[in-house]
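Biologist: Could you walk me through this model and tell me what stands behind the words you use for it?

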Amino acid sequence: MKSIKLSRRALLKTSLAIGAGLTIGFELPVARTRSTMAQTPGVFTPNQWLSIDRDGLVTITNSVPEMGQGSMTTTTIIIADELDADWSRIRVNQAPADPKRYANPVTGSQSYGGSRGVRDHIEMWRKSAAAAREMLRQAAADEWGVPVDQVDTEPGVVVHRATGRRLPYGKLVDRAQALPVPQNPKLKTPDKFRYIGKNLHRLDTPDKVTGRAIYGMDVQVPGMLVGLIERAPVVAGGKVQSFDATAAKAVPGVKHVVQVTHGVAVVADRFPAALAGRRALTVTWDHGPLAQLSSEEISREYATLAKQSGQVARKDGDVEKTLGAGGRTLEAAYEVPYLEHACMEVMNATAHVMPDSCVVWAPTQNPGSTQSTAAKISGLPPEKVTVNTTLLGGGFGRRGEVDFIVDAVETAKAVGAPVKLMWTREDDIRHGFYRPATYNVFRGALDANGMPAAWFHRIVGPGILTQKGRAPANSVDPAAVTIARELPYDIPNLQVEWVNKDFGVPVGFWRSVGASQNGFVTECFIDEMAHLAGKDPFEYRRALLAKSPRHKAVLELAAARANWGAPAPAGRARGIAVAFSYGSYAAHVVEASVAADGRVRAHRIVCAIDCGLAVNPDQVKAQMEGGAVYALTAALYGQITVDKGGVQQSNFDNYPMMRINEMPTVETHILDSGEAPGGLGEPGVPPVAPALCNAIFALTGKRIRRLPISVEELKRA
Amino acid sequence: MITLVVNGKPQRVDVGPDQPLLWVIREDLRLTGTKYGCGMALCGACTVHLDGTPVRSCVTPVSAAAGKRVTTIEGLSAQGTHPVQRAWMEVDAPQCGFCQSGQIMSAAALLARKASPTDADIDAAMAGNICRCGTYQRIRAAIHRAAALKKGGAR
């Protein structure tokens with residue numbers, strides 16, 4: 001097999017891509033916001049992203065919540081590099097909720113998901129830092145009375161090349177502050193990067209290994225009480241009919257029992273008292289419209305609906321005609337369950353509602369909606385609501401929701417004191433926003449050469465955007481058909497349909513969203529076609545990717561590094577899969593075994609990732625390692641089921657997580673394509689489950705078409 | 001009143017004997033490095049040492065800690081320089097970091113009893129600690145590194 005060679009041209013493309021990217025549409029809010037910013041004497045504040053004091057200390061404001069993806073470090077790397085800051089003289093702040101200054105320039109909101117941190121902000125951050133660097137150079141040139149093009153920067157210092165004179169940034173802040181902010185500063189060429197592309201240590205690690213790191217649940221506010229909400233036994237639609245708080249109020253430490261939107265809040269001086277009070281509470285529920293809903297009904301209904309036609313998401317050629325033309329065909333049905341995010345830090349938020357202001361402390365992916373939600377509940381204008389975004393103990397999409405903000409602000413308002421509103425693990429698993437369960441039917445036909453002549457895929461399930469009212473009525477929800485609609489394989493007759501069926505179970509954005517299930521089903525079905533054709537699954541895909549060169553490149557790189565084609569170690573087999581999601585291309589080869597008792601083990605995962613620009617390569621690898629574990633956990637164990645409208649799982653005993661003893665080695669190979677930056681939190685998830693299941697097929701001849709993988713079905717008699 | 005020695009300091013707390021040690025540590029002593037994750041000893045986020053032995057503080061009644069030495073992540077080392085902490089920093093083990101206090105306490109207890117743990121030792125000692133970010137590969141590497149640092153002596 002040929003190895004991947006990167007051409008000089010590919011490397012040079014970096015500068016072109018980034019340079020060209022500057023023309024895309026966002027307004028750099030430097031000059032506009034500067035006039036509205038508080039000016040502190042002796043501090044150079046060219047824009048909302050950075051400031052420098054007279055001691056040369058650089059303060060960088062990170063707008064992207066730190067949920068483990070490394071945003072605190074990545075944001076800093078990007079800004080510090082373009083500013084030419086001294087890496088040892090930097091402090092990082094988390095941005096307040098202030099959409100006018102800190103909104104994502106692409107989405108326009110201060111909400112963070114979709115692996116958008118780097119790719120949406122990098123141009124704005126670089127331009128903001130470049131403007132600051134240009135002002136510092138100008139300030140030094142003025143000081144020395146030399147032309148600005150004779151002065152350059154080194155980390156934290158402006159230098160005059162001809163004379164060797166040097167001025168640290170701290171000595172230039174007053175002069176620089178008086179200069180106009182350049183609107184079109186020149187950016188560094190990539191060969192000048194000092195920090196981007198290097199493996200830099202995370203800035204948050206020291207606090208995270210000493211217990212100093214403050215997450216939402218660690219917030220302490222003077223006079224603070226702790227609340228827990230007794231929630232409906234059903235996943236959605238339950239309403240409090242009546243409640244009796246007598247016994248709860250008799251629990252020592254319980255201060256208040258109040259009804260709120262999501263149930264009845266028991267507020268106490270400490271967590272154990274709130275928990276005991278909640279246990280003593282009697283609530284009569286109206287179970288609402290989902291009272292009889294079960295997962296069996298959902299599956300049954302899906303299978304029925306799969307026989308009806310859906311909205312057409314894509315139609316190339318004539319699938320029906322080709323399927324009926326008499327060639328080799330196959331059909332398959334795939335089903336995947338609801339999944340809960342299970343952030344290690346359960347949902348929580350702390351709020352204090354005062355007559356003329358409100359303060360919220362929250363581990364949130366969505367400071368913007370946290371602010372607007374708190375404003376609505378407290379009856380205050382948004383600018384009177386301060387949002388302190390703490391560290392997040394995991395996000396994965398769950399913390400873009402604001403249900404736990406509603407809990408905290410409503411409860412705090414009702415009791416007139418600061419309240420830390422906690423969830424238990426059981427609350428967290430039973431009242432989530434779940435990755436949609438879907439049912440998929442496929443029909444495929446091979447041509448005379450065994451290559452796909454027709455591909456039909458019908459998806460039955462809810463649309464996340466549709467349920468949230470964020471997709472036009474009767475439109476095809478992109479979150480429901482992603483990857484399936486953009487199938488990269490060159491197949492002349494291709495049809496993708498979506499049957500919108502929503503049972504009312506709340507759905508949400510779960511790490512890689514629709515790509516998680518559609519990556520699984522499409523990459524397994526193409527594998528089925530390859531095997532039917534008697535062809536190698538890697539070569540089969542490769543032959544179909546001529547028009548998708550970036551898919552092809554990662555596929556080839558993963559296969560090469562995994563030694564695809566050479567025999568796997570005894571008792572193991574390899575499976576492969578590739579997917580594009582959230583701006584990046586990933587391919588995985590999973591080497592797996594199946595024990596006699598049916599237990600599946602992934603031993604080695606080789607990942608190739610093309611994320612355009614790798615800002616911090618070691619953290620690119622960290623995201624691929626984490627994505628693999630998230631995906632394997634779902635494939636091996638993940639399922640949320642419903643009975644009588646309630647979620648049947650409750651804690652890690654019945655909603656298990658993968659543990660260290662099951663961890664495969666994960667090798668990540670970064671393909672430097674020189675393209676624009678892509679995302680990283682999500683793209684490492686979609687190919688893992690299909691690569692694992694394709695390995696299981698190669699090993700056992702059993703095709704996994706339903707997740708999680710059934711140990712029973714794989715058990716050898 | 002129950003008397004405990006937490007991170008070398010005697011502490012008197014006025015709570016019922018069956019109160020979980022976790023909440024005494026977090027709410028009464030305001031040491032928030034020890035985390036609540038599940039409340040059922042299933043995830044290990046609340047791991048602390050009782051006389052050097054790792055326990056899940058979410059299911060340990062505070063009375064069980066009376067008169068014993070309790071060590072939390074804040075007390076593992078004065079300056080964050082325990083070999084496990086140094087190794088964790090070297091490999092950048094944490095992502096979100098929420099589970100890492102518990103991971104580190106489990107790892108420190110393992111190394112105290114086994115100077116050169118094998119991968120199987122690590123699996124056995126660490127399987128009670130869930131990391132949802134999936135940092136297991138780095139945790140394993142960091143434990144091996146910490147063992148080497150420990151042997152090399154504290155520098």
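**Strands, helices and domains**

Modeller: Happy to. In chain A, strand 10 (residues 254–260) and strand 11 (residues 263–268) form an antiparallel pair with six bridges. The model is predicted, and local features need pLDDT of at least 70, side-chain atom pairs pLDDT 80 or more, while totals for chains, interfaces and linings use all residues. Residues are numbered from 1 along each chain as its sequence is written, and chains are lettered from A and ligands numbered from 1 in the order in which they are written.

Biologist: What makes strand 10 and strand 11 of chain A a pair?

Modeller: Two strands pair if DSSP finds at least two bridges between them. Strand 10 and strand 11 of chain A have six bridges, so they qualify as a pair. A hairpin of two residues links strand 10 of chain A to strand 11 of chain A. As for the numbering, helices (H or I, at least four residues) and strands (E, at least two) are DSSP runs, counted from the N terminus.

Biologist: How do you know that strand 8 of chain A pairs with strand 11 of chain A?

Modeller: By the bridges again: strand 8 (residues 225–230) of chain A runs antiparallel to strand 11 of chain A, with five bridges between them. In one of these, A:Leu228 has A:Val266 as its bridge partner in strand 11 of chain A.

Biologist: In what order do the strands of the seven-strand open sheet of chain A lie?

Modeller: The order is 10-11-8-18-15-16-17, with mixed pairing. Strand 10 and strand 17 (385–389) of chain A are the edge strands, each pairing on one side only. From one strand to the next, the twist averages 20°.

Biologist: Why is helix 12 of chain A called roughly parallel to helix 13 of chain A?

Modeller: The axes of helix 12 (residues 367–378) and helix 13 (residues 403–415) of chain A cross at roughly 30° and come within 10 Å. Axes are lines fitted to C-alpha atoms, for helices over the stretch in contact, and angles run from 0 to 180 degrees between N-to-C directions. Angles under 35 degrees count as roughly parallel, over 145 as roughly antiparallel, 65 to 115 as roughly perpendicular and the rest as oblique. The crossing angle therefore makes helix 12 of chain A roughly parallel to helix 13 of chain A.

Biologist: Which residues of helix 12 and helix 13 of chain A meet?

Modeller: From helix 12 of chain A come A:Thr370, A:Thr373, A:Ala374, A:Ile377 and A:Ser378, and they meet A:Ile405, A:Val406, A:Val409, A:Glu410 and A:Lys413 of helix 13 of chain A. Contact here is judged by C-beta atoms, placed from the backbone, that lie within 7 Å. Sorted by class, this contact has five nonpolar, three polar and two charged residues. Ala, Val, Leu, Ile, Met, Phe, Trp, Tyr, Cys and Pro count as nonpolar, Asp, Glu, Lys and Arg as charged, and the others, Gly among them, as polar.

Biologist: What makes strand 22 and strand 27 of chain A edge strands?

Modeller: They belong to an open sheet of four strands in chain A, ordered 22-23-24-27 with mixed pairing. Strand 22 (573–581) and strand 27 (665–670) of chain A each have a single partner strand, so one side of each lacks a neighbour in the sheet. Neighbouring strands of this sheet are turned against each other by 15° on average, direction ignored.

Biologist: How do strand 24 and strand 27 of chain A pair, parallel or antiparallel?

Modeller: Strand 24 (residues 600–610) of chain A pairs with strand 27 of chain A in the parallel sense, over six bridges. A:Ala608 stands opposite A:His669 of strand 27 of chain A. Across strand 24 and strand 27 of chain A lies helix 20 (residues 617–636) of chain A, at about 135° to strand 27 of chain A.

Biologist: Where do the domain bounds of chain B come from, and what are they?

Modeller: Domain bounds come from an automatic or database domain assignment. For chain B, the assignment gives domain 1 (2–75) and domain 2 (83–151). Their centres, taken over C-alpha atoms, are 21 Å apart. In their contact, 15 residues of domain 1 of chain B meet twelve residues of domain 2 of chain B.

Biologist: And how many residues does each chain give to the contact between chain A and chain B?

Modeller: Chain B gives 45 residues and chain A gives 45 residues. Helix 5 of chain B gives the most to the side of chain B that touches chain A, with four residues.

Key: Contact = placed C-beta atoms within 7 Å.
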